[in-house]
Amino acid sequence: MSAYGHQMEREFSSQSLLSREDTESGSQYVLESGFYMKSFAATIFIAGLLIVGVLSVTLLVTLAVMLRSCESRSKGVVEIEKASDSYHYCKAFALHGELNSLEEPEIPPVCWNLAIHYIEGGEYERDLNFMISMIESFFDTISPSDNHLDAVLIDIDDILASNHTYTYQSMHQQQFNQYGSNKPSGSIEDAANLKHWRILELYVKLKSRGWSLILLSRKPERQRNVTAEQLKAVGFNGWSSLIMRSDSEMETETWEYFSRRRTAMKEGGTQIISVISSQLDALTGSSLGKRVFKLPKPLRYNTQTPTL
């Protein structure tokens, strides 16, 4: 073959798109550029491309999920902040409502569900237990005088709600059935029962230590006999005095009525040591003694709900 023919053959081989030839080492691929790649190396190269593609897709999916998670968390934080704001607002409003004797229609709707949660979530029970413990701790540090003129005033309207007909026996049974465990009271009725029982425990303890117990009520004097029977029925016995409103006092503001009665006790020689109530009208005015204790009281958000 001539020199020209050999040259044409070499050029044709170098410009071939892809040719395959068998060698002792196995199959080889020839690219346009003249780069040779064995079949094993080609497999690794293609697999690497696939892995890079899969990792890229996985990264994109992961970023999308993380972005959505961040959005959800941000939304959750906002909701928690809103709930916290509502809680603090309703706590402030509860005090405002008591100070101004606001009626049920004046309670903001946002506070209704929070009042329910306060009871059913166990917060009311914890607050009540803390306050009872605080009262007991105070009386652990003092003792009645020998002249028996020291007195503790207890608001019995906290005990005798108009729509409760509990007896001492039923309350005693519920103490073992429901409140023997550490579980929070799960319903409004449970919370009301618990409050009555804890006040009764405190009453019995103070009485056993020799304190004179004077019971205060906003009810009219004409209901004295009924009220006394109700108190005995739920385990409250042996009080020193039961203060109720005369007909002339029915038009008087309750805080003023309580204040006048305490002043009269003091002028009569009674030394008031403490006043215990869940309502501010019994804890304001003059002659309040050494220490006043306010028991927790949720907002009264429904007329059908037992007063706590």
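Reader: Let's start with the charges. Which residue forms a salt bridge with Glu136?

Author: A caveat before that: this is a predicted model, where local features need pLDDT of at least 70, side-chain atom pairs count only at pLDDT 80 or more, and totals for chains, interfaces and linings use all residues. Residues are numbered from 1 along each chain as its sequence is written, and side-chain values use heavy atoms, with hydrogens and water left out. A salt bridge here is a side-chain nitrogen of Lys or Arg within 4 Å of a carboxyl oxygen of Asp or Glu. Glu136 has its closest N and O atoms 3.1 Å from those of its partner, which is Lys205.

Reader: And how many residues apart are Lys205 and Glu136?

Author: Helices are DSSP runs of H or I with at least four residues, strands are runs of E with at least two, and both are numbered from the N terminus. Lys205 belongs to helix 6 (residues 188-208) and Glu136 to helix 4 (residues 123-139). The pair therefore links distant parts of the chain, the separation being 69 residues.

Reader: Is Glu136 buried or exposed?

Author: Buried means under 20% relative accessible area, exposed means over 50%, and partly exposed lies in between (1.4 Å probe, protein chains only). Lys205 comes to 33%, so it is partly exposed. Glu136 comes to 18% relative accessibility, so it counts as buried.

Reader: Which residue does Asp140 pair with in a salt bridge?

Author: Asp140 gets its closest N and O atoms to 2.7 Å in a salt bridge with Arg209. Here too distant parts of the chain are linked: Asp140 is in the loop between helix 4 and strand 4, while its partner is in the loop between helix 6 and strand 5.

Reader: How many salt bridges does the structure hold?

Author: Another one joins the side chains of Glu221 and Arg224 at 2.4 Å, N to O. Then there's a network: salt bridges with shared partners connect Asp155, Asp157, Arg218 and Asp281. For the structure as a whole, the count is ten.

Reader: On to strand 4. How many of its six residues are buried?

Author: Asp150, Val152 and Ile154 point one way, Ala151, Leu153 and Asp155 the other way, and all are buried. Strand 4 (residues 150-155) is largely enclosed by the rest of the structure, because the number of buried residues among its six is six.

Reader: Which residue of strand 7 stands opposite Val152?

Author: Two strands pair if DSSP finds at least two bridges between them. Strand 4 runs parallel to strand 7 (residues 271-277), with five bridges joining them. Strand 4 also pairs with strand 5 in the parallel sense over five bridges, with Ala151 opposite Ser212. In strand 7, what stands opposite Val152 is Ser274.

Reader: Which strands are included in what covers the buried residues of helix 7?

Author: Helix 7 (residues 224-233) has Thr227, Ala228 and Leu231 buried. Viewed down the axis, they fall within an arc of 100 degrees (taken from the directions from the helix axis to the C-beta atoms), so they line one face. The face turned away carries the exposed Asn225, Val226 and Glu229. The cover over the buried residues includes strand 5 (212-220) and strand 6 (241-245).

Reader: What arc do the buried residues of helix 3 cover around the axis?

Author: The buried residues of helix 3 (residues 110-120) are Cys111, Ala115, Tyr118 and Ile119. They sit on the same side of the helix because they cover an arc of only 90 degrees.

Reader: What accessible area do Leu59, Leu60, Leu63 and Met66 have together?

Author: Patches are made of residues with over 30% relative accessible area and no salt bridge, like charges being joined within 9 Å and nonpolar side chains (Val, Leu, Ile, Met, Phe, Trp, Tyr) within 5 Å. Leu59 lies in helix 2 (residues 39-100). By the Shrake-Rupley method with a 1.4 Å probe, where for residues only the protein chains shown count as cover, this nonpolar surface patch comes to about 420 Å².

Reader: Last one: what share of the chain's residues count as buried?

Author: The chain has eight helices and eight strands. Of its 308 residues, the share that count as buried is 35%.

Technical notes
Contact means heavy atoms within 4.5 Å.
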